[in-house]
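Work through the exercises below with the sequence and the 3D view side by side. Try each task before you read its solution.

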Amino acid sequence: MRIVSLLPSTTEIVFAIGAGEDLAGVTVECDYPEQARTRRVVSRTTLPAGLAPAEIDAFVRARMAAGEDLYRLDEEAFREIDPELVLTQDLCAVCAIDASDVDAAMNHLGCNGNVLTVDPGTLEEVIDSIATIGAAVGRSDDAIRLVDELRTRLASVTAAVADRPRPRVAMVEWTDPPFTAGHWVPDLVGAAGGNPVIGTSRVPSVATTWEAVAAADPQVIVIAPCGYRLDDARTLAEEATRAAGFPADVPVWAIDADAVIVRPGPRLVDGVEALAGILHADVVPGRPEYVTQVRG
């Protein structure tokens with residue numbers, strides 16, 4: 001099967017269930033696992049490189065207000081691959097090319113493959129999507145095994161934190177302006193033994209203010225900027241801490257958002273383990289490779 005994945009998360013899933021050899025096309029942002037970088041890039045962002053968070057926010061808002069695309073499909077590459085299956089989403093216009101644009105491109109290019117739109121809004125739906133993709137690529141048994149492994153790991157965290165106090169946690173998905181972390185991210189906090197105080201499960205992330213974050217009275221603040229890895233997340237968290245004037249007694253952490261928070265794939269369970277390690281370090285080993293403490 002010739003598969004094209006237009007999401008980093010579905011690329012991760014395809015490899016995780018053993019179908020990586022069938023993956024012929026990916027986006028420029030598909031960087032995990034390392035083998036993904038060897039596949040042909042069929043979708044690129046229009047976002048200029050090197051922008052600060054405020055500049056990125058302004059660029060995205062301007063493009064969307066003008067009805068302009070944030071991603072461009074390489075029609076020549078798409079035509080040459082002639083995919084039998086395209087994995088995409090209709091959840092977030094900022095994250096990938098719109099599903100309707102994929103359908104239009106398929107029709108324009110005369111491609112007869114199927115388009116599978118994957119739009120999970122909760123942690124449970126993310127895990128279920130693995131089985132859905134497994135069925136679509138002929139790897140149902142492998143997908144079910146992976147789902148079982150992920151649920152076993154989640155159950156282990158649940159058991160470890162079951163009788164623990166649940167700290168109030170503010171997860172921030174963008175820093176300038178600040179955005180709450182929605183969709184499945186509040187579920188990650190809950191699964192890790194915390195109480196999410198900004199952001200709502202299944203609801204998109206929304207712009208907020210640092211005053212509103214402080215007013216939620218968090219006991220822990222976690223900066224998880226979408227599109228950034230740990231080193232840059234730490235830098236943004238340090239800047240936010242200085243700018244926002246968080247209460248001195250509230251610890252601030254940065255987390256590798258692209259790896260374990262914002263991409264709806266198997267590594268969200270790594271994110272639950274990482275958050276549990278922040279909130280309940282005495283009973284959960286955590287995943288220190290994904291987090292760093294900025295203050296407190």
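**Exercise 1.** Which residues on the other side of α6 are exposed?

*Solution.* Start with the ground rules. This is a predicted model, where local features need pLDDT of at least 70 and side-chain atom pairs count only at pLDDT 80 or more, while totals for chains, interfaces and linings use all residues. Residues are numbered from 1 along each chain as its sequence is written, and side-chain values use heavy atoms, leaving out hydrogens and water.

Step 1. Find the helix. Helices (H or I, at least four residues) and strands (E, at least two) are DSSP runs, numbered from the N terminus. Helix α6 spans residues 140-161 and has 22 residues.

Step 2. Sort by accessibility. Buried means under 20% relative accessible area, exposed over 50%, partly exposed in between (1.4 Å probe, protein chains only). In α6, Ala-143, Leu-146, Val-147, Leu-150, Leu-154, Val-157 and Val-161 are buried. They cover an arc of only 100° around the axis, so they sit on the same side of α6. The arc is taken from the directions from the helix axis to the C-beta atoms.

Step 3. Turn to the other side of α6. There, Asp-141, Thr-152 and Ala-159 are exposed.

Step 4. Look at the cover. The buried residues of α6 are covered by elements including α1 (8-16), α5 (123-136), α7 (185-191) and α11 (268-279).

**Exercise 2.** Which strands join β7, and in which sense, parallel or antiparallel?

*Solution.* Step 1. Locate strand β7 at residues 168-175. Seven of its eight residues are buried, so β7 is largely enclosed by the rest of the structure.

Step 1. Apply the pairing rule: two strands pair if DSSP finds at least two bridges between them.

Step 2. Take the parallel partners. β7 and β10 (residues 220-223) share four bridges, and Ala-170 has Ile-221 as its bridge partner. β7 and β9 (residues 195-196) share two bridges; here Val-169 partners Pro-196.

Step 3. Take the antiparallel partner. Three bridges join β7 to β8 (residues 178-180). Trp-174 stands opposite Phe-179. β7 and β8 form a hairpin, with two residues between them.

**Exercise 3.** Where in the chain do the partners Arg-153 and Glu-273 lie?

*Solution.* Step 1. Side chains of opposite charge can pair when their charged atoms come close.

Step 1. Set the cut-off. A salt bridge is a side-chain nitrogen of Lys or Arg within 4 Å of a carboxyl oxygen of Asp or Glu. The count comes to 23 salt bridges.

Step 2. Check the pair. Arg-153 and Glu-273 meet at 2.9 Å, N to O. Arg-153 lies in helix α6 and Glu-273 in helix α11, 120 residues apart. Arg-153 is partly exposed at 28%, whereas Glu-273 is buried at 14%.

Step 3. Glu-238 and Arg-234 form a salt bridge at 3.0 Å, N to O. They are four residues apart in helix α9 (residues 230-244), so about one helical turn separates them.

**Exercise 4.** Which residues touch the most other members of the largest nonpolar core?

*Solution.* Step 1. Define the set. A nonpolar core is a set of buried Ala, Val, Leu, Ile, Met, Phe, Trp, Tyr and Cys residues joined through side-chain atoms within 4.5 Å.

Step 1. Of the 57 residues in the largest core, Ile-133, Met-171, Ile-255, Ile-261 and Leu-275 touch the most other members. The largest share of this core, eight residues, comes from α11.

Step 2. Look beyond it. Apart from this core lies another, of 20 residues, among them Phe-59, Leu-73, Cys-111 and Leu-236.

Key. The expected span of a helix is 1.5 Å times one less than its number of residues. Contact means heavy atoms within 4.5 Å.
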